[in-house]
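Biologist: I have a structure open and would like to learn how to read it. Could you walk me through a few features?

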Amino acid sequence: MYWVRIRSGRGEAPASARLVPMTILVTGGAGYIGSLTARLLAERGREVVLLDSLERGCRAAARDLPLVVGDVADPSTVRAVVDEHRVDALVHFAAYKAAGESMEQPGRYFRNNVGATAALLESAAGAGVERVVFSSSAAVYGTPDALPVTEAAPLRPESPYGESKALVEAMLGWLDRLGGLRSVSLRYFNAAGAWPDGSLGEDWTLTTNLVPVVMKALLGRRPPLQVFGSDYPTPDGTAIRDYVHVVDLAEAHLAALCHLESGGASAAVNLGTGVGSSVREVLDAAERASGRPVPHELAPRRPGDPVAVYADNRLAAELLGWKPRLGLDDIVASAWAWHSSHPDGYPAGGHHPDGHGS
Ligand SMILES: NC(=O)c1ccc[n+]([C@@H]2O[C@H](COP(=O)([O-])OP(=O)(O)OC[C@H]3O[C@@H](n4cnc5c(N)ncnc54)[C@H](O)[C@@H]3O)[C@@H](O)[C@H]2O)c1
C-alpha cells in the first residue's frame, strides 16, 4: 500500500501527525477493464474509489468497492471525491471506445474522450492528484508500417476515437512539462478475457470485439459470426491481432502506478503480448474451451482492416517490469466462464441501452 503523511493544506492535522493510506481514483471503474483493474488493485491492498457515469458501465461490476456515480467532466464531483477519499493518483479509463461509432459521431467522441478528460485532469490536479495512468490504445498508430509495432512508430490514427487518445497523450505531455503531473499512457492492443472465475467480464451488448462476438455465437445469441477475410497472406489466411488478457492489463496498471510512485518519468507504453493470433486460432481456442463448434461463415475482407497488428512489448518490460503471463487459451477460457455463466450480462440496472462497442 502507498502511504503518505496527510497534508495540512487540505485542512487536516499537521503533516507530522499520522500516516494515512492514499487512494487511487479509478474513472470508468464500472466498465469492463476498469472494474477488473479496480478489483485487482483492491486485492493488492490498494485503497480505490470508482467514478463512473454508468452510461456504459454497470453498477454490479463495481461489486463492493466504493462507487461515485457522476461525470468526470464535472469539477465539483471530481474535487469532492479527491478531497473526501484523499486521492493522489488517477487511473483514467472513462471514455467511449468504439472506433466505428466515432466515425459516425466524431463530436461526441471528442467531447467525452478529450473535453471531459481535459476537465478531469484540470480539476484532479488542482485538488492534489499527482500521478495519472491513462487508457490509451494501439488505435493511435493506425495501420502500422512495420511489425512488431514499437512506441516509436508514427501516430497516424484512422478514426476520431484513435485521434482522441493521441490528443489526450499530447495533453498529458504538456501537463507534465508545465505542471509536473506525471503520467503513463498505456496503449492497449486487443483487450480480451475475464476474471478467471468468470465473475467479472465484458458486457457483450456494448462491444463488437472478436472474443465476445465468438462467445455470443457459441451461446446461440447471434447469427453465425462472419470471418472477414480468409485470403490474407497469413499461415491460415485470416487476419492477425495481439490479444492481451484483461488481468495482465490490470497488472500493468499497478506496475505503472508503482513506476510513478517511485519517481519514474512519464511515458507511453505498448501493452500487448508481442504474439499475434489469427481469427482461426481464436475460433480453435474457443472450440477447445467450450467443447462446441463456433458457428461462423467466411466473408470478404473489410476495407481498411490491416493484415496483422501486434506489439513490441519490450518497453513495458524494461520500464515497468511488466510481462504478460496469460495466453490465448486463458483469454478464451475465462471469457467462456464469464459469458456462459452470465449470458444476459450483469444483473439489471446500470448502463443505458444506446451503447455500441469497439
Ligand atoms: N476494450 C478494449 O479493447 C480497449 C482497447 C484499447 C483501449 N481501451 C480503452 O480502455 C478504456 C476502458 O475500456 P473498456 O473496454 O473498459 O470500456 P467500457 O465502455 O466498458 O468502460 C468505460 C466506462 O467509462 C464510463 N464513462 C464513459 N464516459 C464517462 C464520463 N464522462 N464520466 C464518467 N464515466 C464515464 C462508462 O460508463 C463505462 O463504465 C477506454 O478508455 C477505452 O478507450 C479499451
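This is a predicted model: local features need pLDDT of at least 70, side-chain atom pairs count only at pLDDT 80 or more; totals for chains, interfaces and linings use all residues.

Biologist: Which residues surround the ligand, and which are closest?

Modeller: A residue is near a molecule if its C-beta atom, placed from the backbone, lies within 6 Å of it. Here 30 residues surround the ligand, and Gly-28, Gly-31, Tyr-32, Gly-57 and Ala-95 are the closest. The largest share of that shell, three residues, comes from α1; helices (H or I, at least four residues) and strands (E, at least two) are DSSP runs, numbered from the N terminus.

Biologist: How do I read a nonpolar core?

Modeller: In soluble globular proteins, nonpolar side chains tend to be buried together. A core is a set of buried Ala, Val, Leu, Ile, Met, Phe, Trp, Tyr and Cys residues joined through C-beta atoms within 7 Å. A residue is buried if 20 or more other C-beta atoms lie within 10 Å of its own, exposed if 12 or fewer, and partly exposed in between, with C-beta atoms placed from the backbone. The largest core here has 103 residues, and Val-214, Val-282 and Val-332 touch the most other members. Helix α7 (residues 246-261) gives this core its largest share, nine residues.

Biologist: Which residues of α8 are buried?

Modeller: An α-helix has 3.6 residues a turn, so residues three or four places apart point the same way. In α8, the buried ones are Val-279, Val-282, Leu-283, Ala-285, Ala-286 and Ala-289. Down the axis of α8 they fall within an arc of 160 degrees, so they line one face of the helix; the arc is that of the directions from the helix axis to the C-beta atoms. Among the elements covering them are α6 (210-218) and α10 (328-341). Val-332 touches Val-282, Ala-285, Ala-286 and Ala-289, among others, where contact means C-beta atoms, placed from the backbone, within 7 Å.

Biologist: Is Ala-267 buried or partly exposed?

Modeller: Ala-267 is partly exposed, because it has 18 other C-beta atoms within 10 Å. You'll find Ala-267 in strand β13 (residues 267-271). Leaving out residues up to four places away in sequence, Ala-267 touches Val-184 and Leu-319. The C-alpha atoms of Ala-267 and Arg-182 are separated by 8.6 Å, though these residues are 85 residues apart along the chain.

Technical notes: Residues are numbered from 1 along each chain as its sequence is written. Two residues are in contact if their C-beta atoms, placed from the backbone, lie within 7 Å.
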